[in-house]
Amino acid sequence: MGASDPEVAPWARGGAAGMAGAGAGAGARGGAAAGVEARARDPPPAHRAHPRHPRPAAQPSARRMDGASGGLGSGDNAPTTEALFVALGAGVTALSHPLLYVKLLIQVGHEPMPPTIGTNVLGRKVLYLPSFFTYAKYIVQVDGKIGLFRGLSPRLMSNALSTVTRGSMKKVFPPDEIEQVANKDDMKTSLKKVVKETSYEMMMQCVSRMLAHPLHVISMRCMVQFVGREAKYSGVLSSIGKIFKEEGLLGFFVGLIPHLLGDVVFLWGCNLLAHFINAYLVDDSVSDTPGGLGNDQNPGSQFSQALAIRSYTKFVMGIAVSMLTYPFLLVGDLMAVNNCGLQAGLPPYSPVFKSWIHCWKYLSVQVTWDENTPGMLEAGPSLHPRRMPQVPRRA
């Protein structure tokens, strides 16, 4: 893993592992937002087809094949498809859990191993914090290999609940039939359709997030118990009882608002940026040659290149926007474990935040330039004040 940039240390708390974790979360949200991307995959309209190369008969799109459910499959196949999605999501969650576990421990400021001295590309000596693999090896030494999966059960339940909720909402509130967009001229007039689809996806994402957030809070607290070696949150049912008894109903929804804001910003940012790039920057006019699409030897080759570029636009935009929305996820995770009776959420590891806005402002002023040490930074008040004066980089 390469060294992280100290200039973004307050918001990139978690280093490369944190950004990878954000990318994983963004991938889940990107899947929810991928409906707009399917428009670019339809064949060109009939008026552009060459007489010598007639366009094949139009096939029903995936959205039209969904029926009223709006998902993959309908009727008798719908439960099977939904179960398949739940199983695939569980597998991805289990494989990525160690990465998110390490990311969370770094976010709360738990650095059990001292930084090492190394050199950067310019030959300067810098301090490197342990990489993901070093951190994971330390967890295995303390808790064994099974320790890498602490808090996995509520995460699996949270993701399964989110998937089932989205599928149920598509059946109860099926998406309206939206005409597919094929060429550049159509895409310039399709902003209303993009807004309509994004609004629908935002509604589903917000509802599924609110229903699954209590399990997310339990998972976060189970994981940060590693810091103080507590055993307060052991099972899902017992954790529900403890949270309700100590914090009431609102205790299940701490950190929900920044997570919802992050989801909303991600969906709108990703979909709108992808739409404008595909509509105005991807130029497929070169395919409009007198000979038809492309040339006689390779008809449609030029237009296929434009379609290929558009098919990757949403993926690239998802990565870029996820970096911008990572501060919301960071604040939400910190609020989920703050002042909950665990060492990781109490001083000296962390101040007690009054609200997520207080946490946001606190993180915004954590790192300032150290004029006496060019190229390095001086840490302000940190979630972990026992850190070294100079902010080390993560290896």
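This is a predicted model: local features need pLDDT of at least 70, side-chain atom pairs count only at pLDDT 80 or more; totals for chains, interfaces and linings use all residues.
Residues are numbered from 1 along each chain as its sequence is written, and side-chain values use heavy atoms, with hydrogens and water left out.

**Exercise 1.** Determine how the rings of Phe328 and Trp360 are arranged.

*Solution.* Rings of Phe, Tyr and Trp (its six-membered ring) pair if their centres lie within 6.5 Å; planes under 30 degrees apart count as stacked, over 60 as edge-to-face and the rest as tilted. The structure holds six aromatic pairs. In one of them, the centres of Phe328 and Trp360 are 5.0 Å apart and the planes stand at 50°, so this pair is tilted.

**Exercise 2.** State whether Phe328 is buried or exposed, and classify Trp360 likewise.

*Solution.* Buried means under 20% relative accessible area, exposed over 50%, and partly exposed in between (1.4 Å probe, protein chains only). Phe328 has a relative accessible area of 16% and is therefore buried. Trp360, at 25%, counts as partly exposed.

**Exercise 3.** Classify the pair formed by Trp356 and Trp360.

*Solution.* The centre-to-centre distance is 6.3 Å and the angle between the planes is 85°, which gives an edge-to-face pair. Trp356 is partly exposed, at 21% relative accessibility.

**Exercise 4.** Identify which residues ring pairs link into a cluster.

*Solution.* The cluster consists of Tyr101, Tyr138 and Phe226.
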